[in-house]
Number of protein chains: 2
Amino acid sequence: MQTTQIRLARRPVGEPQDDDFETTTVELPELQDGQILVRAVYLSLDPYMRGRMSEARSYAAPLEIGDVVLGQTVCEVLESTVPQRAPGDLVLAYTGWQTHAVVDARQVRRLDPDAAPVSTALGVLGMPGFTAYAGLLEIGRPAEGETVVVAAAAGPVGSAVGQIAKLKGARAVGIAGGADKTRLLTEEFGFDVALDHRSATFTDDLRAATPDGVDVYFENVAGPVGEAVLRRMNTYGRVPVCGLVANYNATSAPDSALGFPSFMNLVLTRSLTVRGFIQDEFAPTHTEAFRRDMTPWVADGTIRYREDVVEGLENAVDAFRGLLAGRNVGKLLIKVS
Amino acid sequence: MQTTQIRLARRPVGEPQDDDFETTTVELPELQDGQILVRAVYLSLDPYMRGRMSEARSYAAPLEIGDVVLGQTVCEVLESTVPQRAPGDLVLAYTGWQTHAVVDARQVRRLDPDAAPVSTALGVLGMPGFTAYAGLLEIGRPAEGETVVVAAAAGPVGSAVGQIAKLKGARAVGIAGGADKTRLLTEEFGFDVALDHRSATFTDDLRAATPDGVDVYFENVAGPVGEAVLRRMNTYGRVPVCGLVANYNATSAPDSALGFPSFMNLVLTRSLTVRGFIQDEFAPTHTEAFRRDMTPWVADGTIRYREDVVEGLENAVDAFRGLLAGRNVGKLLIKVS
């Protein structure tokens, strides 16, 4: 059995280019005891992947040149050597940007297609949904009547943040780029206000949308949008930091109108809590509550989600560029086969 | 009865100048029921006062031009209208930069000179000690074997931070300016390592002093020292922020080699907690524990302190300049009379 793989050919400088990747088809190894052969159905594309393509120290080791690009997948089992997995089973795996793989059966989790569409295991019921849930509830801790702001609000993390904030009785202000997305925020995801960060009046719009200031800013974008929100934080405000997408393609230190000393002055004078996190941290403590809460919320439509499905692994690089530029709407998935 | 007062004559730009203040002697009002007449014995000088001299929004309203400069004092009661306070009592008050005052008897707290020298109510057993205690234990939460770093470590907050960290089993690294202070850190306050931030090799010294990185950085100085420590934070590191003294005299945005985007990248990739606080926040929850712990620690010499006592209210402005420039050693007090 063969697999077609997209590998890192060189480290991208700025926006990833086609030549930063190479596609190859290789023979898979023979199945050993305890292993399964899978074919990828969906590949998740997520902003964190950009960090792994760079050499800089991050929370995980960088990819090496020649590595298959990493990524979580929903796969179908084709062959199994263990009784717990049978051909036809759908599983959550971590096989990366490739069509097939041989993996340890213990490293996959079986999905129940009757409980929820299996693609949601990569989105609202998966890592992005969990990031929103754990980061908002554990760090953001929105109280009834407080104002929660999130950017990239049409994305899988942001849309879940807004909806969970609403369920907790908070006011949800979502920021996104363009009229299609902002409409989605209020009409589909129930945000109280949607702001277009491309608008020339964005700063004024933000002020008008947060007359009582901001209690929780769920930071996943950075850049001028993040800085504008930080300036509006209330005393004892909380800032869960789970991503800084605007900086991921930066080739030099990004501009900052706010500046570090002024930021620290905000932290001090407003008693802010700024807390970076990677969702793994909360897996041991929050996974059970996440499944107990989110599964029925998604099943009964209390929490809604959008998916942006791109056909074909050959379009992964272009789709990934679009993700970093904010061109997708909802959870970006590659339909591999 | 008259009082000699130092009032704010104009808002300082940069380092406070003599002409920013004016000294006047005025007649005090007649004592009303419920009031007491006091004379100041000690006036506490603290960096936060610089912020109140500026117009910018802070955690408290700025002083108005013509206001007596604010400050906590230890006073002797000269006359009383209430049975709970008698002439000769020593009380903790908030009478500011002046020799005498008429105050509401309920706004002062009686001090017991037999329990501890009354001046400590302005230092190790007062606001600076409480800032160290609550900020370190509630936000910093040092665990046994972790590394705690604090700057301005010969000051009343920093020296308490280091000593409490040691009592909790952590390794304490103190930063101060000059050989006299660094010697004090190890010989008097028990820091494991003392670093001189004026040394040309400070960054290398810091790296050598923190071979396992930094788990808690108690931030009270900002500037290049703070940035150097932040770069050494470990995953899940905590940064209580209680002051940014290096910036207090700044007339324009201070330089930052680190920069805000790089700082946020540290926060994200190392899952840092950065938390600004004003000690008032913890008064309702931590005062009892503070008194229960610190009073005996100070009484039996477990926790040591230094005081830098300047004679005469007329030297307050000069002493305050020295405080912002780091010229004092230990808690800076004005012996008013």
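A: Happy to! Let's start with one pair of residues: Ile175(A) has Leu195(A) in E10(A) as its bridge partner. Keep in mind that this is a predicted model.

Q: Which strands are being paired there, and in which sense, parallel or antiparallel?
A: Strand E9 (residues 171–176) of chain A pairs with E10(A), in the parallel sense, over 4 bridges.

Q: What packs on the sheet there, touching E9 and E10 of chain A?
A: That is helix H5 (residues 202–209) of chain A. The direction of H5 makes about 165° with that of E10(A).

Q: How many strands form the sheet, and in what order?
A: There are 12 strands in an open sheet, with mixed pairing. The order is E10(A)-E9(A)-E8(A)-E11(A)-E12(A)-E13(A)-E13(B)-E12(B)-E11(B)-E8(B)-E9(B)-E10(B).

Q: Which ones are the edge strands?
A: Strand E10 (193–196) of chain A and strand E10 (193–196) of chain B, each of which pairs on one side only. On average, neighbouring strands of the sheet are turned by 15° against each other, ignoring direction.

Q: How do E13(A) and E13 of chain B pair?
A: They pair in the antiparallel sense, over 3 bridges. Val274(A) has Val274(B) as its bridge partner.

Q: And how many residues of chain A are in contact with chain B?
A: On chain A, 31 residues are in contact with 31 residues of chain B. Helix H7 (260–269) of chain A gives the most to chain A's side, with 9 residues. By class, that side has 17 nonpolar, 10 polar and 4 charged residues.

Q: Changing topic: how do helices H2 and H3 of chain A pack?
A: H2 (residues 127–140) and H3 (residues 156–167) of chain A have their axes 8 Å apart, at an angle of about 40°.

Q: Which residues make the contact?
A: Among them are Tyr133(A) and Leu136(A) of H2(A), and Val161(A) and Ile164(A) of H3(A). The contact has 10 nonpolar, 2 polar and no charged residues.

Q: Last one: how is chain A divided into domains?
A: Domain 1 covers 2–123 + 306–335, and domain 2 covers 127–279. Their centres are 29 Å apart, taken over C-alpha atoms. Contacts join 15 residues of domain 1 of chain A to 16 residues of domain 2 of chain A.

Notes
Residues numbered from 1 in each chain as written. Chains lettered and ligands numbered in written order. Predicted model: local features only at pLDDT ≥ 70, side-chain atom pairs only at ≥ 80, totals over all residues. Domains from an automatic or database assignment. Contact = placed C-beta atoms within 7 Å. Axes fitted to C-alpha atoms, helices over the stretch in contact; angles between N-to-C directions. Helix = DSSP H or I, 4+ residues; strand = E, 2+ residues; numbered from the N terminus. Nonpolar A, V, L, I, M, F, W, Y, C, P; charged D, E, K, R; others polar. Pairing = 2+ DSSP bridges.
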